[in-house]
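Q: Could you help me read through this model, one topic at a time?

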Number of protein chains: 4
Amino acid sequence: MQTNILPLSMPNKTPTEFDSMDALIKAFNASRAHSVKLIEPLSPEDCQAQSMEDASPAKWHLAHVTWFYEVMVLKPFEDNFQYWNPAFAILFNSYYNGIGDKHPRHQRGLLTRPSLGEVLVWRNNINERVNLLLKKNHSQELQKLVEIGISHEQQHQELLLTDIQHLFFQNALLPIYSESQHVSAAPEYEFKWLEGASGLVNIGYSGEEFHFDNESPSHTAFNQTHSISNILVSNAEWDAFIEDGGYQDARWWLDAGWAWVKSESISAPLYWNLNSETQKYCQFSLKGNLPLNPQAPVCNVSYFEADAFARWASQRISHYAGARLPTEFEWEALSQVKPKLALNLFGEVWQWTSSSYSAYPGYQPWSGIAGEYNGKFMVNQMVLRGSSAYTTPGHSRNTYRNFFPAPTRWQMTGLRLAKDGI
Amino acid sequence: MQTNILPLSMPNKTPTEFDSMDALIKAFNASRAHSVKLIEPLSPEDCQAQSMEDASPAKWHLAHVTWFYEVMVLKPFEDNFQYWNPAFAILFNSYYNGIGDKHPRHQRGLLTRPSLGEVLVWRNNINERVNLLLKKNHSQELQKLVEIGISHEQQHQELLLTDIQHLFFQNALLPIYSESQHVSAAPEYEFKWLEGASGLVNIGYSGEEFHFDNESPSHTAFNQTHSISNILVSNAEWDAFIEDGGYQDARWWLDAGWAWVKSESISAPLYWNLNSETQKYCQFSLKGNLPLNPQAPVCNVSYFEADAFARWASQRISHYAGARLPTEFEWEALSQVKPKLALNLFGEVWQWTSSSYSAYPGYQPWSGIAGEYNGKFMVNQMVLRGSSAYTTPGHSRNTYRNFFPAPTRWQMTGLRLAKDGI
Amino acid sequence: MQTNILPLSMPNKTPTEFDSMDALIKAFNASRAHSVKLIEPLSPEDCQAQSMEDASPAKWHLAHVTWFYEVMVLKPFEDNFQYWNPAFAILFNSYYNGIGDKHPRHQRGLLTRPSLGEVLVWRNNINERVNLLLKKNHSQELQKLVEIGISHEQQHQELLLTDIQHLFFQNALLPIYSESQHVSAAPEYEFKWLEGASGLVNIGYSGEEFHFDNESPSHTAFNQTHSISNILVSNAEWDAFIEDGGYQDARWWLDAGWAWVKSESISAPLYWNLNSETQKYCQFSLKGNLPLNPQAPVCNVSYFEADAFARWASQRISHYAGARLPTEFEWEALSQVKPKLALNLFGEVWQWTSSSYSAYPGYQPWSGIAGEYNGKFMVNQMVLRGSSAYTTPGHSRNTYRNFFPAPTRWQMTGLRLAKDGI
Amino acid sequence: MQTNILPLSMPNKTPTEFDSMDALIKAFNASRAHSVKLIEPLSPEDCQAQSMEDASPAKWHLAHVTWFYEVMVLKPFEDNFQYWNPAFAILFNSYYNGIGDKHPRHQRGLLTRPSLGEVLVWRNNINERVNLLLKKNHSQELQKLVEIGISHEQQHQELLLTDIQHLFFQNALLPIYSESQHVSAAPEYEFKWLEGASGLVNIGYSGEEFHFDNESPSHTAFNQTHSISNILVSNAEWDAFIEDGGYQDARWWLDAGWAWVKSESISAPLYWNLNSETQKYCQFSLKGNLPLNPQAPVCNVSYFEADAFARWASQRISHYAGARLPTEFEWEALSQVKPKLALNLFGEVWQWTSSSYSAYPGYQPWSGIAGEYNGKFMVNQMVLRGSSAYTTPGHSRNTYRNFFPAPTRWQMTGLRLAKDGI
């Protein structure tokens with residue numbers, strides 16, 4: 001991901017700014033095509049399976065984002081609307097309690113019908129009808145819903161990749177999704193503490209373009225004096241934590257984190273696995289199982305692990321003395337002021353913050369059923385900022401708030417450290 | 001297996017009687033082809049999914065029975081044996097603890113690689129090699145293992161069907177496997193009690209052909225004086241049990257059965273479902289969801305339900321006064337003496353007996369790893385006798401012992417009643 | 001019960017044979033006093049706690065057996081019956097589904113009210129009223145119910161002891177219940193195979209005195225030719241099984257047993273614990289934690305363990321070649337014929353048999369709510385024969401059928417071996 | 001609870017300010033005596049039982065706070081220290097991972113030894129030794145540890161009461177702890193919105209006396225413009241929520257809250273129960289089961305319920321339009337400025353805030369093992385402010401931060417509402 005997508009250093013135009021309906025139609029079609037491109041390396045069977053309740057089958061992702069357009073866009077706006085298949089409204093609903101029955105989340109892998117082929121036919125039908133609709137109807141409300149639909153599909157594009165990676169890791173064959181995936185470059189700069197923006201800061205999205213409800217309203221917050229690292233924590237640093245017995249030492253861990261380490265027998269990031277011959281770590285990814293790259297940012301660690309690492313580094317690594325995770329406001333302020341000094345804010349790994357996911361002052365969920373999108377998850381989740389190598393380009397921004405529960409680690413999650421004072 | 005114990009509909013010759021190697025080869029190839037025929041109505045996705053831990057994906061069944069031939073037949077007997085893919089020996093092992101690692105049973109639906117197509121290619125390769133081997137090597141030991149392999153694959157053919165039915169039932173679309181499945185005919189005869197064979201009886205397989213280790217040795221047992229029903233319990237009779245509040249009345253149930261009814265909210269046989277308009281029961285099957293046929297044998301009931309029904313019928317249905325489930329020895333003695341009077345001993349539903357599955361006196365498991373086949377399951381399972389509409393023709397016999405835990409009901413399980421005295 | 005089936009140490013007269021009402025009253029009072037004597041070494045707190053769902057607090061045992069007399073004896077027979085406290089009928093009911101609400105089984109340890117003192121007062125009140133009743137009413141029906149009540153209380157006396165032992169084992173202080181408990185004597189005789197009674201044998205209770213419904217009717221059964229050990233398996237023999245890796249070798253175990261060993265991390269009988277200094281086993285009992293006595297019968301092993309031991313001994317111990325567990329009918333036939341040669345049939349440990357617990361031919365449960373006593377547990381339980389050191393003297397007989405699920409081992413459970421042939 | 005314990009309206013001296021060692025000794029002895037007074041209405045059995053994993057037996061509370069003094073105070077400071085009983089250091093440790101083995105939390109109710117009497121003897125011994133020590137040793141460090149010990153015991157005094165209430169509620173007898181418990185008075189004032197303190201505010205403890213590490217450091221925070229209710233939400237208001245179907249309507253609930261309502265079948269605050277005759281709610285408390293007092297503050301609601309109620313009230317109760325839970329900083333600012341207008345800040349119910357429990361900027365856990373006290377719980381917990389009717393007088397302050405997971409409701413938890421703007 002390039003720095004030119006950031007506010008300040010962002011171009012005047014983001015992919016979600018549309019001067020005309022033509023641009024919106026183009027973005028819609030590009031987004032729809034991108035999802036189908038993502039499954040090119042996959043078989044119908046690959047698209048069928050669900051590896052755990054948190055993940056979904058690729059076919060389900062393709063169908064669910066289509067369901068969104070059918071129910072949220074076509075149903076209210078299309079003349080003589082008819083369901084392609086009314087049963088799909090149950091099968092591919094996700095969490096919208098307001099829309100009636102849903103297929104049980106942990107049983108999405110059992111929906112062998114419709115087949116992948118039938119889902120793709122359905123997708124095409126919906127695509128055509130949305131194109132027709134957008135040519136006839138230029139209402140603000142419709143545009144807003146399609147913009148949500150595009151961002152929604154982009155979120156599922158990232159989930160599709162993380163879910164396939166998790167699925168393939170369950171198979172002793174350790175299949176390769178694609179050889180040509182992103183390679184994390186070694187950082188070009190040495191570690192240094194950057195002075196954080198302190199005092200009153202402006203937080204949240206204040207522009208005119210599309211953004212999620214949880215990024216607004218823009219408001220004032222107060223940052224303490226602090227410093228923040230210019231680089232992400234690396235695999236090599238994490239290996240030192242392991243070598244020092246970090247996963248066996250209760251003192252570094254939150255109480256709930258320690259219980260999790262014990263009950264789940266956690267001893268390394270999710271996709272790390274010891275080569276039985278070399279006794280060195282490999283890391284499984286969409287490119288297959290490869291030797292660990294020490295310079296790459298550490299990835300697939302939970303909040304519990306990120307927090308424990310910070311506590312350990314604070315006491316064991318001299319240049320990290322006093323280290324802790326940043327708050328989400330410290331991260332956002334950094335992104336406003338020093339994006340050129342801070343490396344890999346975007347495009348490598350989502351970065352855990354110490355902030356619980358909660359409503360901004362004056363927060364209003366979107367009206368209607370889209371109101372279930374964000375607000376109802378505001379408990380027991382931690383905020384992540386930035387974006388990852390799997391994030392669809394153009395999807396994230398510096399006000400974007402990703403969030404997951406503390407034990408989550410099948411997402412592309414890493415960290416950068418901060419500390420009090422300068 | 002003796003011809004006089006077969007239902008009239010059975011051929012004089014079963015596939016497991018082999019006068020020559022040619023016949024064995026023919027039976028092997030027929031058995032292999034039958035499995036592939038069973039998946040004709042299925043898509044790769046249908047063959048991928050696993051609906052619960054007890055069930056397996058169709059693709060897994062196809063692969064596992066192939067694994068059996070590769071590891072049990074080719075590996076010890078073929079010159080210059082090489083695995084088609086050594087990882088498959090882990091992926092498609094089932095319960096053979098003696099052969100090392102296994103893929104976790106509840107995660108068989110996650111094996112999207114190899115694809116269905118690749119499994120079929122592997123099957124063909126193994127088929128060719130087994131054919132070659134059987135032409136060169138006529139040893140008794142090899143023949144015995146291939147006979148086991150054929151019976152083993154037949155068992156998985158039935159499981160494949162029951163597992164697909166269970167999978168499809170999880171989908172609100174209620175897919176149809178095939179319109180042309182078996183239809184249960186209405187019974188031709190009226191109910192009557194048949195006098196059971198009492199006193200000393202011969203139990204177990206005593207012939208020369210293939211049979212499972214758990215059917216032997218042939219031995220003497222003692223039957224009390226008893227009677228046994230000529231017909232199976234029907235859907236109409238079961239409906240009367242439901243109407244009389246049978247599922248809400250603790251007095252009919254074993255203690256463990258009552259706990260199961262409560263915890264699983266059981267109120268009818270597995271695939272019965274109330275039509276929301278007519279308020280009448282439909283029954284889901286491989287033919288789809290059809291109105292319940294009152295004359296057909298009740299199917300998909302657990303041992304707990306069969307036992308409760310017997311207790312209820314014993315007190316509530318005058319002609320069933322004193323009814324109970326038969327022992328497996330009462331059933332076997334009936335099959336020796338009165339197969340023409342006793343209807344549907346085979347080919348409709350497996351019939352629960354009151355006998356726990358245990359070793360016959362002098363029982364010896366097969367030698368080698370095949371010894372894990374039967375003996376190690378001899379606890380907390382109840383014996384079923386006969387065969388079902390899904391059983392591959394020629395697979396069962398009157399000494400055949402099927403067995404499942406008391407709550408099991410995704411198999412084709414029904415019952416016939418017996419009583420003390422004549 | 002016939003005197004010739006008792007071990008030599010048993011009295012000629014058991015408490016359940018009553019020539020007159022006086023004898024019955026005496027037996028009733030003795031039984032009631034015995035329960036109270038058992039709690040003499042215990043504090044109110046000791047009597048309060050419940051260590052697991054299978055066990056009950058000592059106070060609950062004292063109350064439940066009293067509830068039995070109040071509801072089953074006084075309520076139907078006493079003039080102007082009134083409950084001591086109607087709430088007790090809910091709190092101290094156990095499994096009688098026919099009598100309405102019950103306090104949840106796993107929460108018996110939460111009933112801090114009534115106090116132990118109040119329960120003892122209630123006991124005295126019920127005792128006095130039953131005494132009065134028995135002086136006035138000499139009906140057969142009443143006598144039968146009081147006999148059941150006495151046997152019922154005897155069963156809870158044994159449970160009270162096993163439950164206290166289990167409770168005390170959870171406490172790092174390893175409290176001592178009483179120094180003066182039974183000591184298992186070293187066997188006086190050398191091992192030898194006794195020829196079993198084969199062919200048609202008479203099984204079940206055929207006398208006139210009290211017995212449980214599950215011991216009847218007396219009937220004919222058929223025993224194969226077999227031999228049976230004169231002695232119980234000892235701690236020393238079990239230690240050899242452990243030393244030979246018995247708990248780490250899947251081949252000895254039933255499939256369900258192996259899953260149990262793995263999930264519960266089983267590596268020795270329940271109360272065996274390694275002394276951290278000597279690295280030798282101690283055994284916790286009501287006498288405290290003492291060095292293991294190699295000559296004593298092994299105790300507190302599950303059916304799974306007993307079955308695995310037999311399979312191991314059959315192949316690894318020369319004089320046990322071909323060994324297996326006896327059937328319950330083999331055990332009962334032995335007790336009829338050779339009680340002087342067979343040591344420790346009674347009074348040491350209950351002995352696992354290979355027989356599932358099921359109804360005898362023609363079995364009829366007791367009428368009324370007492371019918372729930374035995375019949376409804378006839379699935380997924382294995383039969384044990386004999387009696388243990390904790391069994392109240394006079395309680396058991398050679399037709400007595402104890403039963404527990406295969407993983408159970410907090411009871412005083414051991415084994416003797418048998419084999420086919422002579 | 002009296003208003004004179006509040007800051008501003010608080011006296012200059014709180015019970016935890018000690019001008020001299022005499023005052024500290026006096027406070028220590030008062031605190032120790034208070035715990036024993038709390039169990040006066042309880043039997044040894046009442047003090048033994050543990051009703052759920054979150055709760056502890058009263059005896060355990062008495063022992064654990066004593067363990068704290070023995071291990072944290074006497075062990076490092078007393079000459080020739082010896083354990084009263086070394087095993088107690090395992091039995092009565094709670095969450096201090098730094099101190100080695102612990103007895104499993106959910107099995108505290110199984111520790112029938114030592115008896116209540118023995119624990120009280122141990123308490124007296126420790127009391128005497130601490131008194132002696134405090135007379136000889138006047139070090140700051142010792143004083144600090146004893147102050148922690150006093151506050152620690154006060155926390156367990158409140159827990160002891162909530163745990164007994166929960167235990168008694170499991171018993172159909174619904175025992176009464178004491179008739180003379182606190183009665184919530186009807187509020188003297190009408191509802192009105194108070195203008196909240198906005199802009200930069202000072203948060204956290206800044207004085208010289210005892211306080212917990214999580215209340216410091218004192219720091220600047222930024223409050224948005226907001227209003228806050230002068231009164232607590234009442235039972236009558238909650239009843240309106242129930243009547244309006246609040247527990248059956250997903251739209252009011254957080255996603256995790258709705259899942260909790262469904263899985264736990266929640267339909268009213270914890271101790272509310274419908275009288276089967278009047279069909280009106282009663283509320284169980286330490287005074288027994290009494291008719292619900294509509295004017296009393298609602299109590300024993302979870303964060304999920306408090307949040308859902310706020311969302312409902314915001315849309316359904318006109319004077320609560322726009323209502324939400326306050327942040328902990330809004331609450332603390334209110335307590336600094338308007339304690340006379342805001343009723344029941346202390347002494348009725350702990351008040352849920354919308355703030356996740358996290359570290360203040362610059363937070364440092366106490367050094368040594370006491371450092372495990374607070375910091376390691378800073379995830380997945382919500383902050384409560386104020387104090388309850390069960391809180392030991394003098395224990396809380398306006399900077400005090402109580403915290404529990406979102407589903408918790410066996411504590412004395414209620415709420416007051418806030419809204420954006422004035």
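Q: How far apart are the centres of domain 1 and domain 2 of chain A?
A: The centres of domain 1 of chain A and domain 2 of chain A, taken over C-alpha atoms, are separated by 27 Å, with domain 1 spanning 3-169 and domain 2 spanning 193-420, bounds that come from an automatic or database domain assignment. This is a predicted model, in which local features need pLDDT of at least 70, side-chain atom pairs count only at pLDDT 80 or more, and totals for chains, interfaces and linings use all residues. Residues are numbered from 1 along each chain as its sequence is written, while chains are lettered from A and ligands numbered from 1 in the order in which they are written.

Q: Switching topic, what superposes chain B on chain A?
A: Chain B goes onto chain A by a rotation of 180 degrees with 0.1 Å of shift along its axis, at an RMSD of 0.1 Å (least squares on the C-alpha atoms of residues with pLDDT of at least 70 in both copies). That is therefore the relation of a two-fold axis.

Q: And which C-alpha of chain B is nearest the axis?
A: That of B:Glu45, which lies 2.6 Å from the axis. The same surface serves both copies, since 100% of the contact residues of chain B recur in chain A.

Q: How many residues of chain B are in contact with chain A?
A: 25 residues of chain B are in contact with 25 residues of chain A, where contact asks that the C-beta atoms, placed from the backbone, lie within 7 Å. On the chain B side these are 12 nonpolar, 10 polar and three charged (nonpolar being Ala, Val, Leu, Ile, Met, Phe, Trp, Tyr, Cys and Pro, charged being Asp, Glu, Lys and Arg, and polar the others, Gly among them).

Q: What about chain B with chain C, how many residues there?
A: That contact takes 27 residues from chain B and 27 residues from chain C. Strand 3 (219-223), helix 7 (255-264) and strand 9 (350-356) of chain B each supply at least two residues of the chain B side, helices (H or I, at least four residues) and strands (E, at least two) being DSSP runs numbered from the N terminus.

Q: Which element of chain B gives the largest share?
A: Strand 3 of chain B does, with four residues, and the side of chain B that touches chain C divides into 13 nonpolar, 10 polar and four charged residues.

How values were computed. Two residues are in contact if their C-beta atoms, placed from the backbone, lie within 7 Å.
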